[in-house]
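Q: I'm new to this one and would like to go through it step by step. Could you show it to me before I start asking?

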Amino acid sequence: MTSFFRQVSLRSKLVALMALLMTLGVVATVFTASFSLRVTMVDQIDTDLASNSTPMANLLYQIWQDDADNPGSYNMWANLDLSRFHATLRDENGEILSELPAVEGADEPVLGHPTVEEVQEINNVALTTEGTLPESRGWRYRMIYMTNGSGYITIALPLSPVDDTVADAASSMITSGLLATIIMSLVAYGATTRAFRPLVRVERTAAAIAAGDLSRRVEEYPHDTEVGRLSRALNTMLAHIEHAFRSQAASEQKMRRFVQDASHELRTPLVTIQGYSELYRHGGLAEKEHLDTAIGRIEGEAKRMGQLVEDLLTLARLDEQRPLERVHVDLLHLGSDAVEDARVNAPDRTVRLVGLECGSPTTAPTSGDESRLRQVIANLMTNALRYTPEGTDIEVAVGTRPVIDGRADSILEVRDHGPGISEEDAARVFERFYRADSSRHRETGGTGLGLAIVAAIAAQHDGSVVLTETEGGGATMSIRLPYEPLPGGDDGDESGDDEGVDDAGDTSRPQGKN
């Protein structure tokens, strides 16, 4: 039975519930109305008995005096419907002296033969008794003690008219009530069918979505209705689901590309190492010069593969979002050290430490992992040195820049004056394994992970890295980190005395072979 009700539609359940409630209402109404009608009609019978008791007593007394042979003597009782009543005149012992009507075999009330003393206890009180016939529906009667002491009278009216009237009224009310219930059920079925149309549309839309069409949306309805709130919630949920699926698809695509690129990057040095190893095994490197060249190539490819593995491990650790051990760091000191390192590693280049706008660089305090931030700057410097022609000038600009709400950011920029980066490449330079050189020759020797590591470390420090065009040509990589004043209140000092900046504030100091 439970499974059957679960299979019934909500619309049918609502209509059935309404029909059941209406039926119960009809039954309750019929019962209440029938009870009230019966009480009212019985009260009317009691009133009728009381109002006709005196005339009926006089008539019975006259009949007892044998005046019944004179028909004219009954004209005064012509207004009484004697056929409705059953009345008797009794003596002190309850014996009948006269009776109306005196029809043999007719239904009569069962009254017995009470004595005068018993009648005095129930004098003029309306009571109910059964009839003498099996099909009798009972009688309503009164016993009235006669003040002259000659006895008492009984006057009764049958209850069959009351029962018939109540039964007819109940039958009419049940018939009309059930008819109204059927009509209202049909109307309710039509109304609920119309009201449930939005839910049917929602159901069809949900089925289409379940079939794979995530672009479908539920029709919008007024927000102050239940269906409107449901449709809005479903559309919001569907938008989130569609976004999640797209993000998952994009993530899977990116992961596949990442795995392919990583496999290729690892395979390239492995193929080189394997080739030289097989060449050596087959005796192709008998001369020492050739053997030294092969060993150098194997060593170089091993280092390249090791660097790739290290970069992959670094990215994996950054993806885990491990908590940083933050300390106060000044980007000015990190930039100055990077400039000095670049002058040593690339003596043919002009590398300068400058301010953001013009003039001398200023302190740029922040908080974070100093080794990670040094790695960021080193990757940017390596990228600038590797992808620009020899002799290209490089500038490292350090300072602070105000932002909204009175706050400021500490900024370090690595500017080169090389050929720059195209818009297509600029949009993807921070992707893992992406390089503007799409060929597999890799003359530059990079792994394609340097800028991806830079972006990940910057994000881990609640900062960002942005690629812009250098004024006059070239590319500028800008690291923006939250401004954190250094302890001691010296964060606003100029850096003219800092290492790598001469006393006059001239930070050019070109370095090179010339």
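What follows is a short chat about the cavity, the sheets and a few backbone details.

Q: What kind of model is this?
A: This is a predicted model, and local features are discussed only where pLDDT is at least 70.

Q: Which residues line the largest cavity?
A: The lining of the largest cavity is made by L331, L373, V376, I377, L412, I479 and L481. Two elements, α9 (370–386) and β12 (475–482), each give two or more residues to this lining, and α9 provides the largest share, three residues.

Q: How many residues does α9 have, and how far does it reach?
A: Helix α9 has 17 residues and reaches 24 Å from its first C-alpha to its last, which is close to the 24 Å expected at 1.5 Å a residue.

Q: Which residues of α9 are buried?
A: The buried residues of α9 are R372, L373, V376, I377, N379, L380, M381 and A384.

Q: What about β12, is it mostly covered or mostly open?
A: Strand β12 is mostly covered, with six of its eight residues buried.

Q: Which sheet does β12 sit in, and in what order do the strands come?
A: It belongs to an open sheet of five strands, in the order β7-β9-β10-β12-β11, and the pairing in this sheet is mixed. The edges are taken by β7 (351–355) and β11, each of which has a single partner strand, so one side of each is left without a neighbour in the sheet. Neighbouring strands of this sheet are turned by 20° against each other on average, with direction ignored.

Q: How does β12 pair with β10?
A: Strand β10 (residues 408–416) pairs with β12 in the antiparallel sense over seven bridges, and within that pairing I411 stands opposite R480 in β12.

Q: How many bridges join β11 to β12?
A: Strand β11 (residues 464–469) is joined to β12 by six bridges, and these two strands run antiparallel. Here the bridge partner of S464 in β12 is R480, the residue of β12 that also stands opposite I411. The strands β11 and β12 form a hairpin with five residues between them, and G472 in the turn has a positive phi of about 95°.

Q: Do β7 and β9 pair in the parallel or the antiparallel sense?
A: Strands β7 and β9 pair in the parallel sense over five bridges, and L353 stands opposite V396 in β9.

Q: Changing topic, where does N124 lie, and what is its phi?
A: N124 lies in the loop between α3 (116–121) and β3 (127–129), and N124 has a positive phi of about 60° although it is not a glycine. Its relative accessible area is 37%, so N124 counts as partly exposed.

Q: And D462, is it buried or exposed?
A: D462 counts as exposed, at 58% relative accessibility. D462 is found in the loop between α11 (450–460) and β11, and although D462 is not a glycine, it has a positive phi of about 60°.

Q: Back to sheets, what is the order of the strands in the antiparallel one?
A: Five strands form this open sheet in the order β2-β1-β5-β4-β3, with antiparallel pairing. The edge strands are β2 (96–100) and β3, each of which pairs on one side only. On average, neighbouring strands of this sheet are turned by 25° against each other, direction ignored.

Q: How many bridges pair β1 with β5?
A: Strand β1 (residues 86–90) and strand β5 (residues 152–158) pair in the antiparallel sense over five bridges, and the bridge partner of T88 in β5 is T154.

Terms used. Residues are numbered from 1 along each chain as its sequence is written. This is a predicted model: local features need pLDDT of at least 70, side-chain atom pairs count only at pLDDT 80 or more; totals for chains, interfaces and linings use all residues. Side-chain values use heavy atoms; hydrogens and water are left out. On a 1 Å grid over the protein atoms alone, a cavity is a set of points where a 1.4 Å probe fits but cannot get out, and a pocket is an open set with protein on both sides within 12 Å along at least five of seven lines; lining residues have an atom within 4 Å of a point. Helices (H or I, at least four residues) and strands (E, at least two) are DSSP runs, numbered from the N terminus. The expected span of a helix is 1.5 Å times one less than its number of residues. Buried means under 20% relative accessible area, exposed over 50%, partly exposed in between (1.4 Å probe, protein chains only). Two strands pair if DSSP finds at least two bridges between them. Axes are lines fitted to C-alpha atoms, for helices over the stretch in contact, and angles run from 0 to 180 degrees between N-to-C directions.
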